[in-house]
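Subject: Structure handover

Hello,

Here is the structure we talked about. Please open it alongside this note; what I found follows below.

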Amino acid sequence: MGIKIGKKVGVDLGTTNCAVAVLDEKTGKPIIIPNSQGEKITPSVIQFTEDGGVIVGSEAKEAFELGESGCTSAFKRNMGKEGTYCSFYGKSYTPVELSAILLRYLKEETEKVTGQKIDEAVITVPAYFYSKERSATMQAARMAGLNVRQIINEPTAAAMNYGVNHWRENAVIMVYDLGGGTFDVTLVQMKKDSQMVTLSTAGDHTLGGKDWDSRLCGILKQKIWEEAGISSSDYPEIDRTVTRSAEKIKKQLTERREIRVTLPIPGYGRFTTSVTLEEFEKSTRDLLEKTGNLCGSVLADMNMGWEDVTDVLLVGGSTRMKQVAEYLEEKSGHTPLSQVHPDEAVALGAAIQVHQPLPEYTVVTVASRAVPDDSRKNSGLFNFKKKEKVSEPKSPERKYKVDGPVGQEISFDNALKMTHVDVAAHAMGVIAVNTEGTRYINKTIIPANQRIPVKCAEAFRYYTSAKGENEVEIYVLQGEREPLDCQIVGKYVVSGIRHDRTQNPTLIRIQYSYDLNGVVHVQARQGNDTRDLPIREEPVPEDMSKYGRPVEQEEGELIAEPISAVMAVDVSGSMSGQPIKDALKAMCNFVDQFRDYEGGVKIGVIAVSDRSQVVQQLTGDLEKCKASIRSIKSCMTGVCNAGHPFADVLRMLKGEEGKRVAIVLADGVWEHQDTAIEAAKKCHRKDISVIGIGFGSADEKFLRDISHGDMEAMLVAQSELVHSFGKIAQEISADRSRGKHGRGGADSDALTWEAPDEQRK
Ligand code: ADP
Ligand code: MG
């Protein structure tokens, strides 16, 4: 038929209907390629015939509606699930195989119509699709002989199609996509430089036109019972008859407010009644409200309200229902409703994307640490704060403000002038043990609505065993709820971890990523290696209930790590008298806390004011250490605070194994704070935990700046010093477990994946 096109296509692989589009070479705008019967839309229905034939599209749909055998539909709903979806004539088919048949048909039809071989495709999926469903879609495409450039989200594609003709800088578009079996809502903004950015997305996998159909079935059956006095227990055929006509009646109700319905009921005869739009709307209002709530939640994610929405885009066949537009106008108030072609917009947008450059990875740090059930928090005496502030979302886009007024509407003469940045609908997390070693948690690695593709690396200490059972199990989750309420992406077993007695525990770095298709990947490395450790994907065990129970002993088995701690005490003039006495007492108390510590401890002491002086090198002799502490006098290193202890700290802890900590007690304001902070940062970079603790007129910000690691000290009253030092000792000596899982705690100091921190000596 000779439509001249590129060899790249966009494919809307819908649950109910499919469409294929390309960019028109002449106009630079996307157009739909009809199938060989001239239809722009191909129903996602397949019929297998007894002689081994396969029929796809309208003909199969008709056969399906007539109740012929060998027909199957809606298999997209089961994408990503293992096992058979249907069996005909001795052969069984998985959802992936069925999708592959459909895709192959679409590919061949398009090639037939255009006379050109297709060499690349962008395929769309619901934004809410999990990693598994996306992988399954890729697999189906490969089986169909399609080379997939990218999997993109349906609402994204629809918005791109809309943007070509209705570009207005700063406009916020709500894409409301109600299809046959799924509902998706996505917020997209048109930004500077013709860039379309997805802000946030949500959806319901199990909500779609089919649900409206089944409500209509309910209405019809009720009428049959009330008006004819019969039910499906008298005439079993009623169910089938009603189911078959429901969709048609629903569609007629988008044209008229009331329709006459005649249903042939085998064995009974014809039953005639009327159905009104009002009845239909009333019985389906809750479904509409479900969609409305999801719209509200994507807005809330962005700290936005309905008033911030410039346009609502209606996508998907079910948005043809009158009540959808009415409901959304009600919700969005003055906001105009904009239409794209509900059946074609997704494929048209995909055709734009297939010509776009592939996006680059962004790198983020671990999103949040699960909040530990932390008794210390309420102790009042000493306020430890976890460094990671869970309540504040990392991504700046989450607290969203539209900047500037909405610009004039323009239309692009070439669709390629527009680019797009997409996000992942689901947070990615892992099953981890909480900091207390008591409970399994879902530790979020990458939050929801993070731009994709995206990578995030974390590291944790792993205790290797000489016996060689050196494997780490990682269960990757999608979702933000408790582990067992989330979608389990897979079980990844990291192996090949080398045992090295002198380096025990070893650092394991894991890199998690969402690729440009929204598919999850996991990589692991040991220490500062640049080579990946082998990872094998194992089937997720049937019984995961273990992760809903308290942590078992083996998993919670505790191991004490060697500790090297240096205490630096401010001995400037302001400390003279009671302050220095209290400080020295607190330091001795600190030392005493390690009396029974099994992992081995070494403690050193520094006095600092105008200069830093090592009073005690690291020693395991705790009595000797206390004697050295008692020998400290105020002003022994000068009256003022011109010095800092961090160079000595670094030197003393260099080469020490296990946990390395410095506790710096400061009074008043130090003279060269910037120099001190710089020097403290050198310690941080060497993975030394620094705890700044102060009283009197100490500078809280300075204390925070020099601190690093699991704990952050605050200002405390002089009378609390003894108690506070005791608490620090307890925190430092808290045992770690050697489970196969990572921890929810803060030992996962973020390391970058590409350029690991300098080698620890
Ligand atoms: P999917 O994205 O799941 O493939 P579509 O976007 O093609 O689905 O929408 C299919 C749904 O739209 C079906 O539930 C169908 O009944 C519904 N639909 C199509 N036309 C109309 C109409 N005129 N009135 C109401 N619903 C319609
Ligand atoms: Mg669709």
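**A strand pair to start with**

L314 stands opposite Q339 in strand β18. Strands and helices here are DSSP runs, numbered from the N terminus: H or I over at least four residues for helices, E over at least two for strands. Two strands pair if DSSP finds at least two bridges between them.

Before going on, some ground rules. This is a predicted model, in which local features need pLDDT of at least 70, side-chain atom pairs count only at pLDDT 80 or more, and totals for chains, interfaces and linings use all residues. Residues are numbered from 1 along each chain as its sequence is written, chains are lettered from A and ligands numbered from 1 in the order in which they are written, and side-chain values use heavy atoms, with hydrogens and water left out.

**The seven-stranded sheet**

β17 and β18 sit in an open sheet of seven strands, ordered β18-β17-β12-β13-β14-β20-β23, with mixed pairing. Its edges are β18 (337-339) and β23 (451-452), each pairing on one side only. Helix α8 (residues 322-332) packs on this sheet and touches β12 (172-178), β17 and β18. Contact means heavy atoms within 4.5 Å. The direction of α8 makes about 160 degrees with that of β17. Axes are lines fitted to C-alpha atoms, for helices over the stretch in contact, and angles run from 0 to 180 degrees between N-to-C directions.

**The five-stranded sheet**

A second open sheet has five strands in the order β33-β32-β31-β34-β35, and its pairing is mixed too. β33 and β35 (689-695) are the edge strands, each pairing on one side only. Direction ignored, neighbouring strands are turned by 15 degrees against each other on average.

- β31 (residues 563-570) and β32 run parallel, joined by eight bridges. S564 has K602 of β32 as its bridge partner.
- β32 (residues 601-608) and β33 (residues 612-619) run antiparallel, with five bridges. A hairpin of three residues links them. I603 is partnered with T619 in β33.

Two helices lie across this sheet. α11 (residues 578-592) lies across β31, β32, β34 (659-667) and β35, at about 175 degrees to β31. α13 (residues 646-653) lies across β31, β32, β33, β34 and β35, at about 20 degrees to β33.

**A helix pair**

The axes of α5 (residues 209-228) and α6 (residues 237-252) come within 8 Å and cross at roughly 125 degrees. α5 and α6 are therefore oblique to each other; that class takes what is left once under 35 degrees counts as roughly parallel, over 145 as roughly antiparallel and 65 to 115 as roughly perpendicular. The crossing is right-handed, meaning that the near helix is turned clockwise from the far one by less than a right angle. Residues in the contact include W212, L216 and L220 of α5, and I238, V242 and A246 of α6. By class, the contact has nine nonpolar, two polar and five charged residues. Ala, Val, Leu, Ile, Met, Phe, Trp, Tyr, Cys and Pro count as nonpolar, Asp, Glu, Lys and Arg as charged, and the others, Gly among them, as polar.

**Confidence**

Mean pLDDT (the predictor's confidence in each residue, from 0 to 100) is 86, and 88% of residues reach 70 or more. Strand β5 (residues 45-48) has the highest mean, 98, and β36 (residues 736-737) the lowest, 50. Over residues 1-5 the pLDDT is below 50.

Best wishes
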